[in-house]
Amino acid sequence: MDQVKKSRKRRKSFRKWLEDMPLRRALVVLMLLFIVAAVLCLLLSYAIISEGLSRIYREVAVRMEANGVSFEIMYGDPYVMYTPREQVMQNIYQWASVLCPLLFSFLAAFATAAVFYRVKLKKPMAVLRDGAEKIARNDLDFTLEAPNPDELGALCDSFEAMRGALEENNRKMWRLMEEHKRLNAAFAHDLRTPLTVLRGYSDFLTTYVPQGKVSGEKLLATLSTMERHVERLERYVSDMNRVQSLEELEARREPVEGAAFAQKLLEGLKLLIEGKGLEAGVQCDVGEGSLSLD
């Protein structure tokens, strides 16, 4: 059991050593290892082939001497008579001596590629593929960890940095969209009042001016009020094009007489509740004092 544990530990340490190695160096190391292994296998196979041919030659020599024929056995001697089995075995050994270098070269290349892919490429490619699929689904709530400290590990780190940047940009975009929703809601609420006032005065003028029931003074006052609300709308539009959040809006305070402000507020309220069976009133305790209002 101790030997098995030590063997497993050595394999793990060797694998970890390869995983921590740069890609080019790991590929060279694996190529050298499998080339050495291929050469050793080739030498072993040549030794087996040589031993097999020698055994065939010895059997032929013994048989020939038993028949009273003495000669020096040479490879490929046309005068040596082989049995069918010996001829087949000799052909097999000869073909094996030609094919073994090709076979072991192919096996060495295949083993190098397979081990290199399994140790150096499989995990990083799986991590990058899973990360790309999650990003494609707009799922950025994950962390992409580099499995190896090599070039692909650096690529995984860059991919993680890109994911983090995308996540931060999405958060900023989400906050910006939420802020725009708040801003649009606020502006929509503020625009409703001047639009209602303008419509009310427009209906008033359309109804009563043709009948001659509006005095010149009342007409000028109404037009002045409508002009003031138009300016208010223009200011809203300008603010909407300028600001990105409610916090950017600054109060532009001006001195306003309390009584005049109460009267304007009352006029606006009457227009807002017109036709709804309600009554409006404004109580202003400032009297003749002034207010600082936007």
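The mean pLDDT of the protein (the predictor's confidence in each residue, from 0 to 100) is 80, and 87% of its residues reach 70 or more. This is a predicted model, in which local features need pLDDT of at least 70, side-chain atom pairs count only at pLDDT 80 or more, and totals for chains, interfaces and linings use all residues. Residues are numbered from 1 along each chain as its sequence is written, and side-chain values use heavy atoms, without hydrogens and water.

Colour by confidence. Helices here are DSSP runs of H or I with at least four residues, numbered from the N terminus.

Next, select helix α4 (residues 151-208) and helix α6 (residues 258-272), whose axes come within 9 Å and cross at roughly 75°. Axes are lines fitted to C-alpha atoms over the stretch in contact, with angles from 0 to 180 degrees between N-to-C directions. The two helices, α4 and α6, are therefore roughly perpendicular (65 to 115 degrees). The contact (heavy atoms within 4.5 Å) involves T193, T196, V197, G200 and Y201 of α4 with E267, G268, L271 and L272 of α6.

Select V197: beyond its neighbours within four places in sequence, it is in contact with H229, G268 and L271.

Move to T225 in helix α5 (residues 216-242). T225 is buried, with a relative accessible area of 8% (buried means under 20%, with a 1.4 Å probe and protein chains only). Residues up to four places away in sequence aside, T225 touches Y201 and E267.

Methods
Angles under 35 degrees count as roughly parallel, over 145 as roughly antiparallel, 65 to 115 as roughly perpendicular and the rest as oblique. Buried means under 20% relative accessible area, exposed over 50%, partly exposed in between (1.4 Å probe, protein chains only).
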